[in-house]
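Hi,

Here is the structure I promised to pass on. Have a look at it first, and then read my notes below.

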Amino acid sequence: MEGKVVVDLSNVSGKDELIISKKDYQDAIIKVADLKADLNVKLEKINVIELKEAFVSNLKVEDILKKVIDNYEANYNVEKYYYLVDFTQDVHYDSLEREYINLDLEFKFNKDNLKIKSSKEPNKIIDVKRDRKVYIVLSDYFKNISIGKNLKQILNNISENKYTVNQLLVSKYSENTVYVITLENETKQVLLTIEKSTFAVIDFISKATQVKDKYSGLAEISYKFRPYQDKWILKESSVFSKLDVDLGKETNVKIDIKLKVGDFSLNSFKGFNKTINPYKDLRLNFKE
């Protein structure tokens, strides 16, 4: 409650790092060798530490994105690690009924394909008793966490004039100089924060107004990355949407999905022996 913590360093290498994170604040990354007694750590809000932005006139967004794609494997090395993920999916119907599932998942990428495994049972699951409900298939979302194909698609859309470049700025993100790019069309807005020296994407946010078949609403997807040695590692991702759905009667559905990487390793984590099929509703994986 007082913001104090005691860290046991008896089995920790001096080369390791302590990462302190809080939403909307810039991470503090401290080498264990630099830790000392009574150390005060102050996290600063991202909007406080950003410098006054400058418009860029001599660069094209297409050129920046091409460099992002060219440097993608060098920056991320996505396929090297197994990722230990805390995943939650929270669905509310008309604010009266709630579905909820919380899973520990293991992710492993292979050529932009994703293999997912789970510990045997969900940490917690709430399933409402209703005849008709929304089934959420997350295959595209899970697949695009590596963002490689996503970036190529965005570049193609710019070339085909399917996006308008709303702004291209140079700003400051913690100690990194970054490009901030905003793209728009009639139904979508994409915000990219790109580290200037390495052309690594730090933040990726896509906001959309969707109209399809019998549902309409708003959706936002985000992916955030954190530095690790000379690479960038997935930190967290989320999906938020509000939909009006025809389930026999008009129903307001709010979907809130969060994915947070707790750890990553060159080796598979113990206890993850259940393969998850991302092409069907996650809850159904545990009802077979």
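Before the notes, one cut-off: a residue is buried if its relative accessible area is under 20%, exposed if it is over 50%, and partly exposed in between. Bear in mind too that this is a predicted model.

H5 covers residues 148-159, 12 residues in total. From first C-alpha to last it reaches 17 Å, close to the 16 Å expected at 1.5 Å a residue. Its buried residues are Gly 148, Asn 150, Leu 151, Ile 154, Leu 155, Asn 157 and Ile 158. After H5 comes Asn 161, with a positive phi near 60°.

Now the overall picture. The protein chain has 5 helices and 15 strands. Of its 288 residues, 41% are buried. If you take contacts between residues at least 6 apart in sequence, 54% of them join residues at least 24 apart. The accessible surface is about 17400 Å², and carbon and sulfur atoms account for 46% of that.

E1 (17-20) runs antiparallel to E2, and 4 bridges join the two. Within that pairing, Leu 18 stands opposite Ile 30 in E2. In a regular strand the side chains alternate between the two faces of the sheet. E2 (residues 28-31) has Ala 28 and Ile 30 on a covered face, with Ile 29 and Lys 31 on an uncovered one.

In the segment before E1 you'll find Val 5, which counts as exposed because its relative accessibility is 70%. Val 5 belongs to a nonpolar surface patch with Val 7, Leu 9 and Val 12, and together they have about 320 Å² of accessible area.

Which strands does E5 pair with? Its partners include E4, antiparallel over 12 bridges, E6, antiparallel over 6 bridges, and E7, antiparallel with 3 bridges. Some residue pairs to click on:

- E4 (residues 82-93) with E5 (residues 97-110): Val 85 has Leu 105 as its bridge partner.
- E5 with E6 (residues 113-118): Glu 106 has Lys 117 as its bridge partner.
- E5 with E7 (residues 124-126): Tyr 100 has Ile 126 as its bridge partner.

The hairpin of E4 and E5 has 3 residues between the strands, and Asp 94 takes a positive phi near 50° there.

Phe 199, with a phi of about 60°, lies between E10 (188-195) and E11 (200-212). Gln 229, with a phi near 55°, is in the loop between E12 (215-228) and E13 (231-246). Are these two buried or exposed? Phe 199 counts as buried because its relative accessibility is 14%, whereas Gln 229 is at 64% and so counts as exposed.

Thr 182 sits in E9 (residues 176-184). Its relative accessibility is 6%, so Thr 182 counts as buried. Leaving aside residues up to four places away in sequence, Thr 182 touches Thr 164, Val 165, Asn 166, Gln 167, Gln 189, Val 190 and Leu 191.

Last, the charges. There are 6 salt bridges in the structure. These are the ones I'd show you:

- Lys 224 and Asp 203 form a salt bridge, with their closest N and O atoms 3.4 Å apart. This pair links distant parts of the chain, with Lys 224 in E12 and Asp 203 in E11, 21 residues apart. Lys 224 is partly exposed at 25% relative accessible area, while Asp 203 is buried at 10%.
- Asp 256 and Lys 258 meet through their side chains at 3.0 Å, N to O. Both ends are partly exposed: Asp 256 has a relative accessible area of 25% and Lys 258 has 42%.
- Asp 281 and Arg 283 form a salt bridge whose closest N and O atoms are 2.8 Å apart. Asp 281 is buried with a relative accessible area of 2%, and Arg 283 counts as buried at 2% too. Salt bridges that share partners join Glu 99, Asp 281 and Arg 283 into one network.

Cheers

Terms used:
Residues are numbered from 1 along each chain as its sequence is written. This is a predicted model: local features need pLDDT of at least 70, side-chain atom pairs count only at pLDDT 80 or more; totals for chains, interfaces and linings use all residues. Side-chain values use heavy atoms; hydrogens and water are left out. Buried means under 20% relative accessible area, exposed over 50%, partly exposed in between (1.4 Å probe, protein chains only). Contact means heavy atoms within 4.5 Å. Accessible areas come from the Shrake-Rupley method with a 1.4 Å probe; for residues, only the protein chains shown count as cover. Patches are made of residues with over 30% relative accessible area and no salt bridge: like charges are joined within 9 Å, nonpolar side chains (Val, Leu, Ile, Met, Phe, Trp, Tyr) within 5 Å. A salt bridge is a side-chain nitrogen of Lys or Arg within 4 Å of a carboxyl oxygen of Asp or Glu. The expected span of a helix is 1.5 Å times one less than its number of residues. Two strands pair if DSSP finds at least two bridges between them.
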